[in-house]
Amino acid sequence: YTLSLHDALPIFIIQRATGATGERLAGLQQTFSDLYKASGRSAEEVATALAKIAVETRASGASLESLTKQNLAFAKVTGTDVRTAVESTQAVFKRWGIEAVNQAAALDVLYGVIKETGIGVGGLTERMAAAAPIARTVGLSFQQAAAMIGTMEEAGVPAEDVLNRMSMALVKLAKTTGDPVSALKELNLRI
C-alpha cells in the first residue's frame, strides 16, 4: 500500500515537528486518525495542532488526544484558525507555566473572557503572554489576569499600557526597596 500525497502530508507534518519514529510515530498517527475522523477540520490543521501540542506539552496517548480535541474546539468556537489558536494559547501557557493537565481549564478561562468581553483571541493571548511576569509577581492568578485584561479592554482601557505602568512601578519599587513584592505586602497592598 502506497500513501497518496494527501494521506502522507499529515504524517510528514507530525514526524517533522515531533521527530517521532517507529512506535511513537505509529501512536501519533493513530491519534491523528481518531481526531481527524471526529473533528471536521482539514488533515493539515489536525496534524499541525497535534504536532504542536505534542511538542509543547510532551503529552501522549489519551491526554494528547483530549488536549488536541479541546484546542480544535477552542479554535472553532472562537472563529480562529487552528494554527493561530494553538500557537497563541501554547505561548500563553508556557509563559504562565500551565502544565498540560491544566490546559483544558485554562482554555475555558480564555473562552469565558472572550465571550464575556468581546476581546479577540489574538488580543487576549498576546496580552496574557506579556502580562505573565508582572501579574505573577504581584500575585495575580491566570484567571484574575485574564479577567482583568478582558475587562480593561472592554472598558476601552488599554491593558498593555496599564501593565507597562505596573511594571515600571515595580522596577522603581525594586530599586528603592530591593524587594517589591515584600514592599507591597508590608504596605498591605493587594491587587
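This note covers the aromatic pairs in a predicted model.

1. **Overall count.** The structure holds three aromatic pairs.

2. **F32 and Y36: geometry.** The ring centres of F32 and Y36 sit 5.6 Å apart. Their planes meet at 10 degrees, so this pair is stacked. The cut-off for stacking is under 30 degrees between planes.

3. **F32 and Y36: location.** Both residues belong to helix 2, which spans residues 22–39. F32 and Y36 are four residues apart, about one turn of the helix.

4. F32 has a relative accessible area of 10%, so it counts as buried. Y36 is partly exposed, at 32% relative accessibility. Buried requires a value under 20%.

5. **F93 and F142: geometry.** F93 and F142 also form an aromatic pair. Their rings lie 6.3 Å centre to centre, with 55 degrees between the planes. This pair is tilted.

6. **F93 and F142: location.** Here the pair links distant parts of the chain. F93 is in helix 5 (residues 82–96), while F142 is in helix 8 (residues 142–154). The two residues are 49 residues apart.

7. F93 is buried, since its relative accessible area is 1%. F142 is buried too, with a relative accessible area of 7%.

8. **Cluster.** Which residues form one aromatic cluster? They are F93, W96 and F142. Among them, F93 and F142 make up the tilted pair.

Note on methods:
Residues numbered from 1 in each chain as written. Predicted model: local features only at pLDDT ≥ 70, side-chain atom pairs only at ≥ 80, totals over all residues. Heavy atoms only, no water. Phe/Tyr/Trp six-rings, centres within 6.5 Å; stacked < 30°, edge-to-face > 60°. Buried < 20%, exposed > 50% of the residue type's maximum accessible area, 1.4 Å probe, protein only.
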